[in-house]
Amino acid sequence: MTQNCTPFVFPLGPFQVNSVEYDKVSDYIESGAIDVVPGKAKFSRYIPQRDTFITRNSNPPLDESVRSSLVHECTHAISDINKYDVTRLTDEAAAYIAQLTYALLLRPSLPEPPIGLPVDNMMRQSMHLVNKYELGSPAGYGAMIDQRDIADLARAVYAIPDYHNIDPDAKLAANGVALSDEQLEEFYRRQMQRLINQDTSGTDASLKAQYASYEDYVTSDNELLTLFDSYRAKEDRAAEVVARLSDDR
Ligand SMILES: [Zn+2]
């Protein structure tokens, strides 16, 4: 049951965007295989060739847009780790769908930006897909997103000046994330711990147990700490929904 409670489960073409994959990204970061460096720019970035996150220049407390943009970057990391064979624009489309799914989970009343600017149009289109496929709600678990919807969104991303230098046919440089022996050991230790926590599943309390494993994280990065905190909050909400559903039965 625990597996089904995660708000992030949607295969998008080759993408498997779900909490297991986001957990993996966390473990790659915590093992040191993916680097997190503070940035000065307005935007955060993930550079697949260097397995590096560059965080956006911001101070805690972090607003929803900062937190959901971290989910965006983590989605790029998922592509890199799994060496997805996709175009850069498709990868951006996947990252924006994940970002908006998360933004709407944090704030269901998030208003749609007005039609006009290419970036706003793309955000609107992403929000429409989140609603169409009911992503982030139990009804949307395992939703299959139509390739045409992804292609349309990729075109909307391309229309944004910041993305206009991307060759529409260019493939993502997803070359995987290499781990040293030491990092590999740490990575597996963390993955193993997750399995052990999952084994105790079967009750709503297990959700808490699973996410209590986040307490073990040691990171000095405030943005990531906040991200993990928000995952916990999100799971609490998911647990609530599940509890309500089983009460209704
Ligand atoms: Zn991106």
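Predicted model: local features only at pLDDT ≥ 70, side-chain atom pairs only at ≥ 80, totals over all residues.
Y96, I97, L100, T101 and L104 in helix 3 meet a group from helix 4: M122, M123, S126, M127, L129 and V130.

How do the two helices sit against each other? Two packed helices are described by the angle between their axes and the distance between the axes. Here the axes of helix 3 (residues 88–106) and helix 4 (residues 118–132) come within 9 Å and cross at roughly 70 degrees. Since angles of 65 to 115 degrees count as roughly perpendicular, that is therefore the word for helix 3 and helix 4.

Three strands make an open sheet with mixed pairing, in the order 3-5-4. From one strand to the next, the twist averages 20 degrees. Strand 3 and strand 4 are at the edges with a single partner strand each, so one side of each has no neighbour in the sheet. Strand 3 pairs with strand 5 in the parallel sense, over four bridges. Take V37: its bridge partner in strand 5 is I54.

| Strand | Residues |
|---|---|
| Strand 3 | residues 35–38 |
| Strand 4 | residues 45–47 |
| Strand 5 | residues 52–55 |

Last up is helix 1, whose 13 residues (19–31) reach 18 Å from first C-alpha to last, close to the expected 18 Å. It's mostly covered, with 10 of its 13 residues buried. Among the buried ones are Y22, V25, Y28 and I29, and also E21, K24 and D27. Just after helix 1 comes G32, with a positive phi of about 95 degrees.

Terms used
Residues numbered from 1 in each chain as written. Helix = DSSP H or I, 4+ residues; strand = E, 2+ residues; numbered from the N terminus. Expected span 1.5 Å × (residues − 1). Buried ≥ 20, exposed ≤ 12 C-beta atoms within 10 Å, placed from the backbone. Axes fitted to C-alpha atoms, helices over the stretch in contact; angles between N-to-C directions. Parallel < 35°, antiparallel > 145°, perpendicular 65-115°, else oblique. Contact = placed C-beta atoms within 7 Å. Pairing = 2+ DSSP bridges.
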